[in-house]
Amino acid sequence: MTDPVTLDGAGPIGVFDEKRAESAVRELLLAVGEDPDREGLRETPARVARAYAEIFAGLWQEPEDVLTTTFDLGHDEMVLVKDIEVYSTCEHHLVPFHGVAHVGYIPSQDGKITGLSKLARLVDVYARRPQVQERLTTQIAESLVRILEPRGVIVVVECEHMCMSMRGIRKPGAKTITSAVRGQLRDPASRSEAMSLIIGR
Ligand SMILES: Nc1nc2c(ncn2[C@@H]2O[C@H](COP(=O)(O)OP(=O)(O)OP(=O)(O)O)[C@@H](O)[C@H]2O)c(=O)[nH]1
Ligand SMILES: [Zn+2]
């Protein structure tokens, strides 16, 4: 486990406290009028605590932990990994949002590239935190800019938010699309080429 990280000035995030999560879940079950001691729920607080440790594991990771393998290949055209499955958690309601991310970049002049799987790992570092989709999208783009120093970056995220499907406005199927584009990919021709590769399924 790496040192606790600081998120967007929100202060240091402590190490995950499984016991505390467990008693909070027990309290929540009591608050909704359930009996946490009944057969089916007896192990639930401990299970939920373990599940939260996994769902929020990105809080203890930094992008540098996953963008480790970089090679100089001399490849200077766009690299795009699309349809990367995303499972994240809406920070407003603590319910999932789910969909796909598409991550592309044009390597730096000296062709510094990373392993393809590392782009998917990077998505997970930021998805496994309490999130909003806009921040998830820009954090992925900005960490690529910082670490790979590429000539351009494009990140597009398409998700359905359970907080809009199963409660509240109740509009299942509505998709939210967010994008972050940096460097040369902001140029209209490059941007539209990237978008056509992303959208052309
Ligand atoms: N911009 C943005 N909004 C989000 C995201 N996830 C959830 N939300 C919205 O956050 C808002 C929170 O609004 P509030 O009025 O404080 O909460 P609420 O009463 O539960 O709102 P409703 O969902 O409309 O019932 C809602 O409009 C959600 O749809 C996200 O990733 N990005
Ligand atoms: Zn929500």
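H93 is located in the loop that connects β2 (79-90) and β3 (96-106), where strands are DSSP E runs of at least two residues and helices H or I runs of at least four, numbered from the N terminus. In this predicted model, local features need pLDDT of at least 70 and side-chain atom pairs count only at pLDDT 80 or more, whereas totals for chains, interfaces and linings use all residues. Residues are numbered from 1 along each chain as its sequence is written, and chains are lettered from A and ligands numbered from 1 in the order in which they are written.

The unreviewed UniProt entry lists C90, H93 and C163 under "binding site"; such annotations may be inferred rather than shown by experiment. These residues span 74 residues in sequence, yet no two of their C-alpha atoms are more than 7.7 Å apart, so they gather at one spot. C163 belongs to helix α6 (residues 162-165). With 15 other C-beta atoms within 10 Å, H93 is partly exposed; C163, with 16, is also partly exposed (buried: 20 or more other C-beta atoms within 10 Å; exposed: 12 or fewer; partly exposed: in between; C-beta atoms placed from the backbone). Leaving aside residues up to four places away in sequence, C163 touches C90, H92, H93, V95 and G168 (C-beta atoms, placed from the backbone, within 7 Å).

Technical notes: Contact = placed C-beta atoms within 7 Å.
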